[in-house]
Amino acid sequence: MGLPTIAVPQYKLTIPSTLQEVSYRPFLVKEEKILLIAMESDDSKQMTGAINTIIENCIFEDLDVNNMPMFDIEYIFLQLRAKSKGEIVDLSYECEKCKKEIPAQVDLAKIEITRTEGHTNKIQLSSDVGVIMKYPSISMQDTISTENTDVENVFTTVTTCIDSIWDKENVFSAKDHTKEELDKFVESLPDESFQKIQEFFNTVPVLKHDIEVKCLAKTGKGKKASICGNVEKRTLEGLASFFA
């Protein structure tokens, strides 16, 4: 006779980029083990791979996790974490005034993707040429090399995120062209056109949340003791900032 298993609840979430509703379960001890091993390694690629595996395990629908936008990945993982470990996360910051610790709590259930008005992945570069861009994904992380300069990695990211290029008569899919051809296309752009592509990256939807914290630490001694009372605004952006 097999050992008993404990039933786990199922929940639903909406994927930000596609508005597709999917079902998921909280992560279990086996997923937490994967996460802890990755965190212990202090390797960003192993951490990204762990998050990828956990999402694939916990989402019931088939998703191409490797090619999903990073803001989708971050949002989904945050929902999994909230249902698995609790919706309230305890954080702490150093007070800018008295330098003592300010404890803070964040409700993960209230975190949403922040979108910039007017953002689009369809970019008109000139009167007759434009591009459709893809959002940075987990698979694209492998194209970034620590051996390259920041400038080289910026251009690699741009070319990797091009989905297609069009003119008045044709649409050219990026997958049908070599990296060298795409590099040549990007390098031939006028600065004004390239700035339009950069604006796409500057306004990509992001996991972001603003909080206000107040320092209640005591300062001074004896009759001169008082509460610091310093109030600061902090912006949490990206997955790591919610677990710092």
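# Notebook: strands, helices and cysteines

I began with Asp-210, which stands opposite Thr-235 in strand E13. The model is predicted, so I kept to its rules: local features need pLDDT of at least 70, side-chain atom pairs count only at pLDDT 80 or more, and totals for chains, interfaces and linings use all residues. Residues are numbered from 1 along each chain as its sequence is written, and side-chain values use heavy atoms, with hydrogens and water left out.

**Entry 1, the sheet with E13.** I looked up the pairing of E13 next. Strand E10 (residues 206–214) pairs with E13 in the antiparallel sense over 7 bridges. Two strands count as paired if DSSP finds at least two bridges between them. The element names are DSSP runs numbered from the N terminus, helices being H or I of at least four residues and strands E of at least two. The open sheet here has 3 strands in the order E5-E10-E13, with antiparallel pairing. Strand E5 (113–114) and strand E13 (231–237) are at the edges with a single partner strand each, so one side of each has no neighbour in the sheet.

**Entry 2, the four-stranded sheet.** I then followed the open sheet of 4 strands, whose order is E6-E7-E8-E9 with antiparallel pairing. E6 and strand E9 (171–173) are its edges, each with a single partner strand, so one side of each is left without a neighbour in the sheet. On average, neighbouring strands of this sheet are turned by 20° against each other, direction ignored. I note for this angle that axes are lines fitted to C-alpha atoms, for helices over the stretch in contact, and that angles run from 0 to 180 degrees between N-to-C directions.

I went through the pairs in order. Strand E6 (residues 122–124) and strand E7 (residues 130–133) run antiparallel and are joined by 3 bridges. They form a hairpin with 5 residues between them. Ile-123 has Val-131 in E7 as its bridge partner, and Val-131 also stands opposite Ile-165 in E8. E7 is joined to strand E8 (residues 162–166) by 4 bridges, again antiparallel. E8 and E9 pair in the antiparallel sense over 3 bridges, and there Ser-164 has Ser-173 in E9 as its bridge partner.

I checked Ser-127, in the loop between E6 and E7. Ser-127 counts as exposed at 71% relative accessibility. The cut-offs are under 20% relative accessible area for buried and over 50% for exposed, with partly exposed in between (1.4 Å probe, protein chains only). I also took the C-alpha separation of Ser-127 and Asn-153, which is 29 Å for residues 26 apart along the chain.

I looked up two residues with positive phi. Leu-19 has a phi of about 65° although it is not a glycine. Leu-19 lies in the loop between strand E1 (11–14) and strand E2 (21–24), and is exposed with a relative accessible area of 63%. Lys-99, also not a glycine, has a positive phi near 70°. Lys-99 is in the loop between strand E3 (88–94) and strand E4 (101–107), and is exposed at 52% relative accessible area.

Helix H1 (residues 29–41) and helix H2 (residues 44–58) pack at an angle of about 170°, with axes 8 Å apart. H1 and H2 are therefore roughly antiparallel to each other. The classes are under 35 degrees for roughly parallel, over 145 for roughly antiparallel, 65 to 115 for roughly perpendicular, and oblique for the rest.

The axes of helix H4 (residues 150–160) and helix H5 (residues 179–187) come within 10 Å and cross at roughly 110°. H4 and H5 are therefore roughly perpendicular to each other. Phe-155, Val-158 and Thr-159 in H4 meet Leu-182, Asp-183 and Val-186 in H5, where contact means heavy atoms within 4.5 Å.

How many disulfides does the rule give? I found a count of 0 disulfides, a disulfide being a pair of cysteine sulfur atoms within 2.5 Å. The cysteine sulfur closest to that of Cys-228 is in Cys-95, at 3.8 Å, which is too far for a bond. Cys-228 is buried, with a relative accessible area of 11%. Cys-58 is buried with a relative accessible area of 0%.
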